[in-house]
Amino acid sequence: MFEKYKQLSGKVKILKSLKARLFVIILLAGVIPSVGMRYAILQSYEDRAVNVRIADVQNQFKILANHLIIYGYLLDTSSEVVNTELDQLSNLYDGRVLIIDQNFKVIKDTYGISEGRTVISEEVIRCFKGSASTNYDSKNGYIEITTPIVNTVVSTTSGIQAETESDTKESLAEGVILSSVSTSTIMATLDILNRRAMIVELIALVFIVAIALVLSNLLTAPFERVTQAINEVKAGFTDEEISVNDYVETEHIVDAFNQLLGRMKVLDDSRQEFVSNVSHELKTPLTSMKVLADSLMAQEEVPAELYKEFMTDIANEIERENKIISDLLSLVKMDKKAADINIVSMDINELLELILKRLRPIARTRNVEVIFESIRPVTAEVDEVKLTLALSNLVENAIKYNVPGGWVRVILDADHQFFTVEVSDSGIGIPQEELEHIYERFYRVDKSHSREIGGSGLGLAITRSAILMHRGSIRVISEEEQGTTFIVKIPLIHPV
Ligand code: ADP
């Protein structure tokens, strides 16, 4: 059963192969015309040979018919001259000749079998009316010919004179010559020709098979080169772009593959960079903790205050490590497919109130005022957890990168399609040349300052991912020493 299936799938595979198909097409393109040509040539030879034979026989029998009239053979079959001529003709054409008189009686049969019998056939009757007929039976290899015996000669005083043709046609036949002529010689020639043509055809077939093999291999070779080049890249021998320019089609395949390769390289590079960034970021708090712990252990008598101070620093580093890890987890979640998004219809005013309520204590410690302005009530289809994270990060940054006594203003507005959340602050601002980088993972404008205030460098990356998941957009306007404004725009109805 399994073997059978294997054989079948092998056959199907061969049928699917371009090389096999090309081979068959070239083979058929060579064989069909050559076989067709053989048949056409043999057929036209047969037609021509049979026609020549018929014309020849008809001429001979016309002469014979004249002799039959002249010698009065229809009345008396004893004429030695005519009988000899009849024997000669039947020998010459390897056939049989019957002479039929007006009473449809056979008065002479060169085979001597049917003499005295009556023959009433359609051809004979038609022939009596003056129209000769021929019938070629290719299967049995003979031609049946009827020739009317017409008295085309009238006796005049000056001798024997032929009538005009129009007169001949009108005159009725006095008898009919019914003859069958063998075509065996034609068949023999045909047979020889056929055999020779077949030998030539067989030789041609060998050449055609060879040509089909070579051509099908040559034509499909570029595709094999593509596979080979891709396999080399896959096996890691090379990571260069591949090139097979033999056909436009292979060029398209190779271009598409090179683009894919390029994308994979970019992905790989960014993955490596991300991993090294993560390791670095996770190592930094650990290094600080180790330094703090080592210096405590190195001292014999550590005063309680110093102990407490170092332990507080260690606790802060642990918290930082914790923040980086939880931010990383959030980011990984954001990077997952959009199917993970959990969309519900929400009151955005309430959502913002809640975010600000949670962040106000932090703002108070930094002496920053948080103001919320809602232009209109907004209800939208959003993922509560992801949007909360995104907006919290923006407000938290506005508080963190602010100045003592500064302010943070959050404005909520909407039109019939989108709602916008504007988060502006009176903080330190971001230099113009840094603006395009702030959404990158682990990117910080001022590393030491950001670290000091507990930033992981992942906040804006998380925010941007979350907003893009909502099919929204985010843009930033900032001026150093003046403040920053982030504007988030999200569709009210989540597009599927
Ligand atoms: P972090 O965790 O360091 O805050 P983010 O991804 O949230 O990381 O922000 C990236 C960097 O962008 C920050 O380090 C900071 O330098 C800058 N930044 C973000 N928001 C503001 C803002 N409101 N004002 C000034 N600088 C900002």
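Trainee: Why does Lys323 count as partly exposed?

Mentor: Lys323 has 27% relative accessibility. Buried means under 20% relative accessible area, exposed means over 50%, and partly exposed lies in between, with a 1.4 Å probe and protein chains only. Lys323 therefore counts as partly exposed. Please note that this is a predicted model, in which local features need pLDDT of at least 70 and side-chain atom pairs count only at pLDDT 80 or more, whereas totals for chains, interfaces and linings use all residues. Residues are numbered from 1 along each chain as its sequence is written, and side-chain values use heavy atoms, with hydrogens and water left out.

Trainee: What makes Lys323 and Asp327 a salt bridge?

Mentor: The term requires a side-chain nitrogen of Lys or Arg within 4 Å of a carboxyl oxygen of Asp or Glu. For Lys323 and Asp327 the closest N and O atoms are 3.0 Å apart, and the pair forms a salt bridge. Both residues lie in helix H8, 4 residues apart, about one turn of the helix. Helices are DSSP runs of H or I with at least four residues, strands are E runs of at least two, and both are numbered from the N terminus.

Trainee: Is Asp327 buried or exposed?

Mentor: Asp327 has a relative accessible area of 10%, so the residue is buried.

Trainee: How many salt bridges does the structure hold, and which one ties together parts 37 residues apart in sequence?

Mentor: The structure holds 14 salt bridges. One of them joins Arg376 to Asp413, with the closest N and O atoms 2.9 Å apart. Arg376 lies in the loop between strand S9 (369-374) and strand S10 (379-382), and Asp413 in strand S11 (residues 407-414), so this pair links parts that are 37 residues apart in sequence. Arg376, at 39% relative accessible area, is partly exposed, and so is Asp413, at 25%.

Trainee: Why is H9 called oblique to H10?

Mentor: The axes of helix H9 (residues 348-365) and helix H10 (residues 384-400) come within 10 Å and cross at roughly 40°. That makes H9 oblique to H10. Angles under 35 degrees count as roughly parallel, over 145 as roughly antiparallel, 65 to 115 as roughly perpendicular, and the rest as oblique. Axes are lines fitted to C-alpha atoms, for helices over the stretch in contact, and angles run from 0 to 180 degrees between N-to-C directions.

Trainee: What makes H6 roughly parallel to H7?

Mentor: Helix H6 (residues 184-235) and helix H7 (residues 248-298) have axes that come within 10 Å and cross at roughly 10°. That angle makes H6 roughly parallel to H7. Their contact (heavy atoms within 4.5 Å) is made by Pro222, Phe223, Val226, Ile230 and Val233 of H6 and Thr250, Ile253, Val254, Phe257 and Leu261 of H7.

Trainee: How do you know that helix H12 is mostly covered?

Mentor: In helix H12 (residues 459-469), 9 of its 11 residues are buried. Among them are Leu460, Ile462, Ile467 and Met469. The cover over the buried residues of H12 includes helix H8 (304-335), H10, strand S13 (473-479) and strand S14 (483-491). Just after H12, Arg471 takes a positive phi of about 55°.
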